[in-house]
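Trainee: Could you take me through a few local features of this model, giving the general idea before each case?

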Amino acid sequence: MSIKIEKLSYSYTLPSGEKVEALKDITCSIETGDFVGIMGPTGCGKTTFIQLLAGLRSPTGGRIYLDGEDINVRGYDRNRLRRTVGVVFQNPEYQLFAATVEKDVAFGLKYNGLSRSEVTGRVRWALETMGFDFEKVRAQSPLALSGGEKRRVAIAGVIATKPKILIFDEPIAGLDPYGRRNFLQFIRGMNQTGTTVIMVSHNLEALAEYTRHLLVLEQGRLIDSGPTREVFARLQQRNNGAFGQTEAQRIVALLAEGNLALSSAIITYDDLLSALKQELNGGGAG
Ligand SMILES: Nc1ncnc2c1ncn2[C@@H]1O[C@H](COP(=O)(O)OP(=O)(O)O)[C@@H](O)[C@H]1O
Ligand SMILES: [Mg+2]
């Protein structure tokens, strides 16, 4: 499922009639199977952007194409869109509502035309993928679970429909480092099985390590996009490190002040470690 976005704009209308331009003239594309990060300061339009991608809002300007089809034309199959694009919103655990975990996860499968046993199979798969013992958890009330468990149930509900495109809005915000790593590995696993992944995050380390392409938003505009490494290198130049610099890039900048020049392509700790190893072995980095 490739996504093509052309001159996309979105304005909110406040009760006073005043308009808030949240997205301005965004043109970009996302290839099938890619892992794309979206970054930018709070209020730059990230959540609005993914709501548009998921068809939850209609653009006030421009178009979104999924495999060449405009998703906002009259007659476009909204149910198919809902099955194709899965969105895990921020704090998804707040959206649990059913009496049992099994019913909650099965909810999104309602209009899928699956048989009862197929639905159960999907729910089992989704809960097991999220690390649960299906038989143990299926009849429990979601409200009785811990915060982290609730979040995993909510995500099971999204992946149960096996969306071809999976979007996460700040999925690791508020997780401890261990939970963060686990969750990022899970997202990578979904991507490796062919799901296109779009991840909004403020965590530059996570974006640097996991994504292949980046979209950078600032005040509703797409100010940069491209392969992750290239975008980070450009951001560092553009802002002189004010915004969009990873920890590893910061260390490289400090080392440069101390007269140890390392490659400007370093963006992750892993990159930094291999460059330092090479340096210690007398190699000298490029
Ligand atoms: N429901 C809304 N009504 C009016 N303005 C909104 C609404 N939601 C978001 N906005 C405004 O749109 C802009 C983009 O918001 P948002 O997409 O939530 O950004 P982000 O997710 O990057 O923090 C901000 O100026 C925000 O105040
Ligand atoms: Mg947001």
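Mentor: Let us begin with a loop: Q219 lies between β9 (213-218) and β10 (221-227), where helices (H or I, at least four residues) and strands (E, at least two) are DSSP runs numbered from the N terminus. This is a predicted model, in which local features need pLDDT of at least 70 and side-chain atom pairs count only at pLDDT 80 or more, while totals for chains, interfaces and linings use all residues. Residues are numbered from 1 along each chain as its sequence is written, and chains are lettered from A and ligands numbered from 1 in the order in which they are written.

Trainee: What is the phi of Q219?

Mentor: In general, most residues other than glycine have a negative phi. Here, phi of Q219 is near 45°, a positive value in a residue other than glycine. K162, in the loop between α6 (147-159) and β7, likewise has a positive phi, near 50°.

Trainee: Which residues of α11 are buried?

Mentor: The buried residues of α11 (residues 269-280) are D271, L272 and A275. Seen down the axis of α11, they fall within an arc of 95°, so they line one face of the helix; the arc is that of the directions from the helix axis to the C-beta atoms. These buried residues pack against α10 (247-257), contact being counted when C-beta atoms lie within 7 Å, whereas D270, L273, K277 and L280, on the other side of α11, are exposed.

Trainee: How are the two faces of strand β6 covered?

Mentor: In β6 (residues 85-88), V85 and V87 on one side and G86 and V88 on the other are all buried. Strands pair if DSSP finds at least two bridges between them, and 4 bridges join β6 to the parallel strand β7 (residues 165-169), where L166 is the bridge partner of G86.

Trainee: Which element gives the largest share of the shell around ligand 1?

Mentor: A residue is near a molecule if its C-beta atom, placed from the backbone, lies within 6 Å of it. The residues surrounding ligand 1 include Y12, L14, G43, K46 and T47, and the largest share of the shell, 3 residues, comes from α1.

How values were computed: Expected span 1.5 Å × (residues − 1). Buried ≥ 20, exposed ≤ 12 C-beta atoms within 10 Å, placed from the backbone. Contact = placed C-beta atoms within 7 Å.
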